[in-house]
Amino acid sequence: MKIWADGSPWVGNIAATYPYLDNETVHAAGIPVGPTRESALNYTPAELDDLLDSFSDDDWQFAVHVNGDYALDVVLDSYQRELTRCALLGTDHRWRVKHVGGARKDQFERAAKLGVAVSMAPFQFLYWGDVLDGTLFPHRIGSQWQRFADAVDAGASVSFHNDGSVSPPIPLRNIQAAVTRHTFSGEEHGPEQRMSLDDALRAHTVVAAQHIRRPDLGSITTGKRADFTVLSADPYQVDPARIEKDIEVRGTWRDGRALDLDAFDQQIRDFAGRTELLEKMLTRLASSASKRGRSRSADSADETPAESTTESPTQASEESPAETPAS
């Protein structure tokens, strides 16, 4: 079950103890200056407790979207209370927190002690790192967004993910960002938060599979599903800054079978073509219905006495379209 504890940094609704900066960009985005704290929480601590309490006894696995450090404290407090109540502390519960862009090192240490999995979002740093560092937040906060090294050093179980509708789900691009701390523009921010290549590869494979309770995935091992990709080069032999450019995905295998990627791409094109055709058909139907409606309105107007004050169907549909029957 996914729960949203707060929002996103670029729209100003993360619950954080640190301030947004007072500048033109922040004002143009309509973001209030200063720390947001509890004002940006989606749930009060009591509400979050009640939500966890309602489902934890049914063996739900929780994943909480949280970005601000204030919100993460609230989530970890709630997790600790509920894990204690359910006697799950010290077990392999795999409750997790997602994104954790503005988290502190001590929070990763606490997550590790609670057995809370940490799913990080390299795309936040990759695409918005330049504006996070020194525009939205002070350098001490923005340059450290997505503290990859701190999370690993704290002993947390770290995986990577993408928000597919927000950023392209390209694992090699995420891995490159994590090991170089270079944003999409090529700028470097917080090099001390670099992650090793080994940890970054595991975050997108073995650990990610563990977090979603899929022991049959994540590595090429006897007894597991043969789900893997074939790369054009060994990531350990490539310049970290050129991982995405110098490595191509040559093939994708699922359940031991090679996928026909050309056929898959054609399916996508066919689907797009059918969608476009459907949109054209709907547009024509709507246009035809509109013409028939105007024709009936004209016929009705011819039959209506001049002294009548009754509205025509055309006038009624303009004022209350939801009440007009479809043709």
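1. Some ground rules before the helix pairs: axes are lines fitted to C-alpha atoms, for helices over the stretch in contact, and angles run from 0 to 180 degrees between N-to-C directions. Helices (H or I, at least four residues) and strands (E, at least two) are DSSP runs, numbered from the N terminus. Bear in mind that this is a predicted model, where local features need pLDDT of at least 70 and side-chain atom pairs count only at pLDDT 80 or more, while totals for chains, interfaces and linings use all residues. Residues are numbered from 1 along each chain as its sequence is written, and side-chain values use heavy atoms, with hydrogens and water left out.

2. I'd begin with helix H5 (residues 122-132) and H8, whose axes come within 9 Å and cross at roughly 75°. H5 and H8 are therefore roughly perpendicular to each other (65 to 115 degrees; under 35 is roughly parallel, over 145 roughly antiparallel, and the rest oblique). On the H5 side, Pro-122, Phe-123, Phe-125, Leu-126 and Tyr-127 make the contact, with Arg-173, Asn-174 and Ala-177 on H8 (contact means heavy atoms within 4.5 Å). By class that is 6 nonpolar, 1 polar and 1 charged; Ala, Val, Leu, Ile, Met, Phe, Trp, Tyr, Cys and Pro count as nonpolar, Asp, Glu, Lys and Arg as charged, and the others, Gly among them, as polar.

3. Next, helix H2 (residues 45-55) and helix H3 (residues 69-85): their axes come within 10 Å and cross at roughly 40°, which means H2 is oblique to H3. H2 passes H3 in a right-handed crossing (near helix turned clockwise from the far one by less than a right angle; anticlockwise is left-handed). The contact residues of H2 with H3 split into 6 nonpolar, 1 polar and 5 charged.

4. H3 also pairs with helix H4 (residues 105-114), the axes coming within 11 Å and crossing at roughly 15°, so H3 is roughly parallel to H4. This crossing of H3 and H4 is left-handed. Among the residues in contact are Leu-72, Leu-76 and Leu-83 of H3 and Ala-111 and Leu-114 of H4.

5. Now the largest pocket, with a volume of about 1000 Å³. On a 1 Å grid over the protein atoms alone, a pocket is an open set of points where a 1.4 Å probe fits, with protein on both sides within 12 Å along at least five of seven lines; lining residues have an atom within 4 Å of a point. Volume is the space filled by probe spheres set on the points, which are joined across faces, edges and corners. Of the 31 lining residues, Pro-171, Leu-201, His-204, Thr-205 and Thr-229 are the closest to the centre.

6. Which element gives the largest share of that lining? H10 does, with 4 residues. The lining has 17 nonpolar, 10 polar and 4 charged residues.
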